[in-house]
Amino acid sequence: MAVGGFSVDGPNIRFNGKITASVVITCIVAASSGLIFGYDIGISGGVTTMQPFLQKFFPSVLRKAAEAKTNIYCVYDSQVLTSFTSSLYIAGLAASLIASRLTTAIGRRNTMVLGGLIFLAGAAINGGAANIAMLIIGRILLGFGVGFTNQATPVYLSEVAPSKWRGAFNTGFQFFIGIGVVAANCINFGTAKRSWGWRLSLGLAVVPAAIMTIGALLISDTPSSLIERGKVEQARQSLRKVRGKDCDVEVELAELKKASDVAKEANREPFVTIFERQYRPHLVMSIAIPFFQQVTGINIIAFYAPVLFQSVGFGNDSALIAAIILGLVNLASILVSTGVVDRYGRRFLFMEGGIQMFVCQVGVAVVLAVTTGVSGTKEISKGYAILVLVLMCIYAAGFGWSWGPLSWLIPSEIFPIKIRPTGQSISVAVNFATTFVLSQTFLTMLCHFKYGTFLFYAAWIALMTIFVTFFLPETKGIPLDSMNLVWEKHWYWRRFVCG
């Protein structure tokens with residue numbers, strides 16, 4: 001197996017890699033935790049274009065929109081409005097760091113359940129919000145819910161799935177995020193013309209929260225998590241359930257016990273251990289991958305898609321429809337990733353997706369520069385607005401089969417068990433921190449950089465594609481407990497792991 005120019009002949013199929021009905025159902029149910037994150041991403045952008053919502057909470061935005069000479073890029077430049085969107089991510093950042101200890105103490109599944117319940121409470125508060133304070137409190141609770149589930153779910157999927165098909169099963173999390181985004185956009189479209197529509201859009205977040213919470217209660221925890229907490233017999237039953245009743249699970253169980261015992265003997269604080277030299281490559285990836293995922297610009301475009309499309313010439317209805325189209329394209333492309341990630345590997349998808357996104361971002365910048373002028377005061381024609389949508393769809397497809405699902409997969413599969421929850425927590429915290437900064441600054445950046453905003457993201461996409469080419473080893477098909485092989489054989493990282 002190629003790993004940054006070297007070959008790794010790891011024990012790819014030491015354990016039963018068979019796909020059973022039980023493992024499929026378990027992973028689908030677990031992956032449905034992505035619904036709440038996706039729903040929130042989709043609902044926020046749509047609600048912030050609804051006039052009754054803006055009139056009640058952000059009337060200054062409506063006043064600015066009514067000014068005849070307003071620059072098209074600056075209509076929605078409001079720090080209070082962006083605070084509504086981005087407050088969730090500060091809460092998510094804090095929650096993801098707490099979740100590291102929670103998943104170790106109470107298990108992956110129970111952390112997902114807790115996250116679902118907290119998200120449900122936040123959705124109910126937002127739906128009944130009477131002032132900005134209630135909105136922000138609701139958003140903070142949503143952030144804690146998403147922080148817990150985003151930390152626990154990818155780890156759960158990587159630990160339960162057979163190593164040969166780990167990539168495909170893990171992309172399920174991003175697929176459900178995509179379903180959540182599309183569902184939210186459709187609901188926004190249906191409620192946009194009603195004075196109470198924003199309440200329905202925000203309040204309906206209780207539905208995906210209830211679905212994923214009930215689903216999580218019906219599945220067992222991962223064998224790794226159960227062994228980590230001393231529940232060996234339950235771990236045996238859990239392993240037998242996902243691998244099949246006719247499968248001899250004792251060899252795999254022994255390996256999991258061995259890895260857990262080694263971790264316990266070390267008896268080190270995981271947040272200290274992860275900074276040791278031998279884990280330098282793991283730490284770098286847990287920071288770089290989620291950071292790069294966000295500076296592709298995808299979540300910002302998903303948050304503000306209706307706002308963005310309104311800014312470049314679509315009417316309110318058309319902007320919401322365009323956002324739905326963008327979400328459907330992203331959803332379809334995730335299925336492509338599911339089908340090929342374990343066949344062609346992670347690196348191929350990262351590099352192809354990066355090139356595709358780079359070309360599209362540059363294309364959007366050129367179209368906007370030519371049609372709206374340097375100042376952004378010219379009217380964009382319908383034909384060029386559609387061209388922007390087409391470029392955005394191609395861009396979303398590139399993200400959907402590369403940086404979307406793989407940014408959750410890589411951090412969840414590269415760490416040894418003793419620092420796996422900690423590594424995933426750092427990864428999710430970086431994701432939230434970067435998202436917070438970008439969501440808080442995007443509308444202001446759009447106002448000041450104008451079309452240059454898209455060149456800003458294009459530059460980051462070029463950098464991340466180069467980084468992946470040289471520094472990310474291929475992890476396709478390697479069992480979690482043998483992942484050290486990919487670092488030992490890598491041209492650069494072996495000096496840290498073997499040093």
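Visitor: Why is Arg108 called buried?

Guide: Its relative accessible area is 1%. Buried means under 20%, exposed over 50%, and partly exposed in between, using a 1.4 Å probe and protein chains only. So Arg108 counts as buried. This is a predicted model, where local features need pLDDT of at least 70, side-chain atom pairs count only at pLDDT 80 or more, and totals for chains, interfaces and linings use all residues. Residues are numbered from 1 along each chain as its sequence is written, and side-chain values use heavy atoms, without hydrogens and water.

Visitor: What makes Glu159 and Arg108 a salt bridge?

Guide: Their side chains meet at 2.8 Å, N to O. A salt bridge needs a side-chain nitrogen of Lys or Arg within 4 Å of a carboxyl oxygen of Asp or Glu. The pair therefore qualifies. Glu159 and Arg108 are 51 residues apart.

Visitor: Which other residue forms a salt bridge with Glu159?

Guide: Arg420 does, with the closest N and O atoms 2.8 Å apart. Glu159 and Arg420 are 261 residues apart in the chain.

Visitor: How do you know that Glu159 and Arg420 are buried?

Guide: Glu159 has a relative accessible area of 7%. Arg420 has 4%. Both values are under 20%, so both residues are buried.

Visitor: Why is Tyr384 called partly exposed?

Guide: Its relative accessibility is 41%. That lies between 20% and 50%, so Tyr384 counts as partly exposed.

Visitor: What about Arg495?

Guide: Arg495 stands at 44%, so it is partly exposed too.

Note on methods: Helices (H or I, at least four residues) and strands (E, at least two) are DSSP runs, numbered from the N terminus.
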